[in-house]
Amino acid sequence: MNVAASNDRTRVPFTDLLDLASELLGARVLEASDDFFAPKENLIAASTPVFIPDKYTEFGKWMDGWESRRKRNLTPGNDHDWCVLRLGATGVIRGVDIDTAFFTGNFPEAASLEACYAPDEFGVPKLATWKEILPKSQLRGGTRNLFAITSIETWTHLRLRIFPDGGVARLRVHGEVRPDWKHLKSSKGHVDLAAAENGAEVVTCNDMFFGQKDNLLLPGRAKTMGEGWETRRRRGPGHDWLIARLATTGKISKIEVDTNHFKGNFPESCSIEVCSWPSRDLLPSDFRDRADIQWKEILPRTKLQGHHQHQFEKDLRTEAKDMKIDYVRLNIFPDGGISRLRIHGDPV
């Protein structure tokens, strides 16, 4: 499903965009009307939902999601349950995935979404104005329910309403980060131009069999191997690669490649190429089809270690620090896993 286009970048399926509601990005579930059967925090868990047939709790069947009890008094104002969450980063929402995996006889009949902009609120916003971005829509059980969002406004919080009650396994909120660049530019020191919370995003990669591409730009060090980007074992010639759009055009000072937790499956080596593209509107297909994209190598192929933070500064080619850069291509040889990529520099 594609989002209604407001620029070239929105022609990609919204499910390929960053999940702004991921716990790994820093999203938090703040409050819910009821989570008797399964806790509200499960709603933004990074893991894929699972079902364990014989697992029960003191409240009933264990479910990997958020589940409220059955409503018996559907009076006005009490005809639905709700859950409020703060996004991991302020951004524009292109689409949502309301996943009812394993909720087959106990999923909500319908759901709606409201959003508000309250950047200084770390609790539930009390004075912000909520706006409906997804009207009450029918849900199906045991499946991903995908809905495009046409609003182009910037949001910090969401309120999910389910009618009348039931369970939702996961809520994925796909979109684009809109950082406060005035604040970032005024801060001392270099900025991580490849940080997802600053607006950087992975545009495409050739493989992500074991670990998702977006993990590479998430905050903090990965807690497990599953929180990194990992490709399958390559059996033929060639190497794997990933392309990221920096948060803004910038000049690079230092690069970090972290293989944290990758001990027997880290790449033997890596190299980094960059390109300038002022319109910053390249699509995944462009990197396959266009011949006018000119890559320049700034880090030659360099040997890596397992479970190690590699810092590259003096290793960068001399001309790299004077180049204005929009896209970065990370090449790994021949395959394997990397947990984080940091591109430290200055916005132009």
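Hi everyone, let's start inside the protein: its largest nonpolar core has 71 residues, and Ile93, Ile98, Leu158, Leu160, Ile252, Ile255 and Ile272 have the most contacts inside it. A nonpolar core here is a set of buried Ala, Val, Leu, Ile, Met, Phe, Trp, Tyr and Cys residues joined through side-chain atoms within 4.5 Å, where buried means under 20% relative accessible area with a 1.4 Å probe, protein chains only. Apart from that core lies another, of nine residues, among them Trp241, Cys275, Phe287 and Ile293.

A quick word on the source. This is a predicted model, where local features need pLDDT of at least 70, side-chain atom pairs count only at pLDDT 80 or more, and totals for chains, interfaces and linings use all residues. Residues are numbered from 1 along each chain as its sequence is written, and side-chain values use heavy atoms, leaving out hydrogens and water.

Now, Lys40. Is this residue buried or exposed? Lys40 is buried, because its relative accessible area is 16%. You'll find Lys40 in the loop between β2 (28–32) and β3 (56–57); strands are DSSP runs of E, at least two residues, numbered from the N terminus. Leaving aside neighbours within four places in sequence, Lys40 is in contact (heavy atoms within 4.5 Å) with Val29, Leu30, Glu31, Ala32, Asp35, Trp66 and Cys83.

Cys83 turns up again with Leu158. Setting aside neighbours within four places in sequence, the contacts of Leu158 include Cys83, Ile93, Trp130 and Val173.

Finally, what gives the most to the lining of the largest cavity? That is strand β14 (residues 201–205), with three residues.

Key: Helix = DSSP H or I, 4+ residues; strand = E, 2+ residues; numbered from the N terminus. Buried < 20%, exposed > 50% of the residue type's maximum accessible area, 1.4 Å probe, protein only.
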